[in-house]
Amino acid sequence: MNAELKQLPGADEQLEKLEIELLLEGVYRRYGYDFRRYAFPSLRRRIWHRINLERLGTISALQEKVLHDRDSFERLLSDLVIPATEMFRDPGLFLFLRERIAPILSRLPFVRVWHAGCASGEEAYSTAILFEEEGILAKSRLYATDISRSALRRARERIIPADRCGQYARNYELAGGKSDFSDYCEREHDLVLMKRRLHERIVFAEHNLVTDQSFNEFHVIFCRNVLIYFNSELRDRVHGLLFESLAKGGFLILGGKESIAFTRYADCYETWNEEYRIYRKIR
Ligand SMILES: C[S@@+](CC[C@H](N)C(=O)[O-])C[C@H]1O[C@@H](n2cnc3c(N)ncnc32)[C@H](O)[C@@H]1O
């Protein structure tokens with residue numbers, strides 16, 4: 001029987017929860033990736049998806065496989081991290097960044113930006129393009145981090161999916177692009193790459209928001225569409241890390257379904273744009 005069908009209502013939910021906890025504990029102790037406080041419903045769905053693809057019947061069977069076989073762990077990891085992203089995702093946000101935030105940043109002697117959970121880098125490349133057009137790229141350093149090594153590899157290779165270039169060009173225009181999106185790309189055989197000069201301003205590095213510490217002080221932090229995968233306890237912890245890492249007067253940019261409200265840090269920020277979840281640190 002299809003493994004997903006076995007999980008219809010009536011199945012032993014407590015046993016399933018126990019098996020998931022043991023799997024996540026095993027993954028943490030064997031490989032150091034800590035998913036123990038990620039939001040349960042989406043973890044559960046993705047674990048069963050992997051069980052089906054591996055043609056296994058139970059969570060315990062998946063646990064046995066991933067603990068003994070690094071390749072199957074890597075496949076589970078790529079299911080759990082969801083590195084979905086795009087260039088100028090939510091173009092209105094980038095328009096706001098261009099019109100309202102870049103002028104403030106341009107008064108600083110040096111600008112540090114952190115893209116926390118950058119996936120394959122499109123968000124950081126978008127900021128680099130925007131900063132170049134606003135004349136602040138040369139005095140900026142963008143740090144783009146993620147736990148997914150395969151996503152970071154794609155980011156460093158500068159490759160963007162050729163079939164998405166049309167959509168990216170439209171997003172770029174809506175974000176107030178001052179040139180042509182193709183000016184920032186180059187072709188290599190059938191691949192489309194972001195221009196090398198953009199990459200030169202970005203440091204791509206592995207960093208785990210759950211287990212790693214702050215590593216610098218930033219004027220802007222993007223942490224978009226990452227916290228939705230965490231439970232409330234973990235979200236609070238990560239908000240602490242982001243708060244510590246942001247300079248006073250700096251901007252925190254979250255994803256469209258994320259908010260600073262109802263966290264311990266809500267009073268430390270002023271809302272600059274509710275729609276695009278842009279907050280300024282005031283204490
Ligand atoms: C949906 S993508 C968001 C990418 C980009 N920020 C955006 O909004 O387009 C979520 C990213 O968060 C990363 N991620 C998940 N857990 C993480 C953690 N504990 N530390 C750092 N990154 C994490 C995933 O690997 C994935 O690349």
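## The ligand and its surroundings

A polar side-chain atom of Asp-146 is placed 2.5 Å from an oxygen atom of the ligand in this predicted model. Thr-85 likewise has a polar side-chain atom 2.5 Å from an oxygen atom of the ligand. Leu-209 contributes through its backbone: one of its N or O atoms lies 2.9 Å from a nitrogen atom of the ligand. Of the 600 Å² of accessible area that the ligand has on its own, the protein covers 99%.

The site holding the ligand is the largest pocket. In total, 21 residues surround the ligand. The closest are Tyr-38, Thr-85, Arg-89, Asp-146 and Asn-225.

Asn-225, one of the closest residues to the ligand, belongs to the loop that runs between β7 (218-223) and α10 (232-245). Its backbone has a positive phi of about 60°, although Asn-225 is not a glycine.

## Helix α6

Helix α6 comprises 12 residues, 122-133. At 1.5 Å a residue, a helix of this length should span 16 Å, and the end C-alpha atoms of α6 are 17 Å apart, which agrees with that expectation. After α6 comes Gly-135, which has a positive phi, near 75°.

Is α6 mainly enclosed or exposed? Of its 12 residues, 11 are buried, so the helix is largely enclosed by the rest of the structure.

Glu-54 is found in the loop between α2 (40-53) and α3 (59-68). With a relative accessible area of 11%, Glu-54 falls under the 20% limit and therefore counts as buried.

Ser-72 is part of helix α4, which covers residues 70-81. The relative accessible area of Ser-72 is 1%, so this residue is buried as well.

Pro-161 lies in the loop between β3 (159-160) and α8 (165-174). How accessible is Pro-161? Its relative accessibility is 31%, which lies between the limits of 20% and 50%, and Pro-161 therefore counts as partly exposed. Although Pro-161 and Val-192 are 31 residues apart along the chain, their C-alpha atoms are separated by 6.9 Å.

His-189 is located in the loop between β4 (185-188) and β5 (191-194). Its relative accessible area of 76% is over the 50% limit, so His-189 is exposed. His-189 is not a glycine, yet its phi is positive, at about 55°.

How values were computed
Residues are numbered from 1 along each chain as its sequence is written. This is a predicted model: local features need pLDDT of at least 70, side-chain atom pairs count only at pLDDT 80 or more; totals for chains, interfaces and linings use all residues. Side-chain values use heavy atoms; hydrogens and water are left out. Helices (H or I, at least four residues) and strands (E, at least two) are DSSP runs, numbered from the N terminus. The expected span of a helix is 1.5 Å times one less than its number of residues. Buried means under 20% relative accessible area, exposed over 50%, partly exposed in between (1.4 Å probe, protein chains only). A residue is near a molecule or strand if one of its heavy atoms lies within 4 Å of it. A polar contact is a pair of N or O atoms within 3.5 Å; within protein, one must be able to donate a hydrogen and the other to accept it, and residues adjacent in sequence count only if both atoms are side-chain atoms. Accessible areas come from the Shrake-Rupley method with a 1.4 Å probe; for residues, only the protein chains shown count as cover. On a 1 Å grid over the protein atoms alone, a cavity is a set of points where a 1.4 Å probe fits but cannot get out, and a pocket is an open set with protein on both sides within 12 Å along at least five of seven lines; lining residues have an atom within 4 Å of a point. A molecule sits in a cavity or pocket if more than half of its atoms lie within 2 Å of its grid points.
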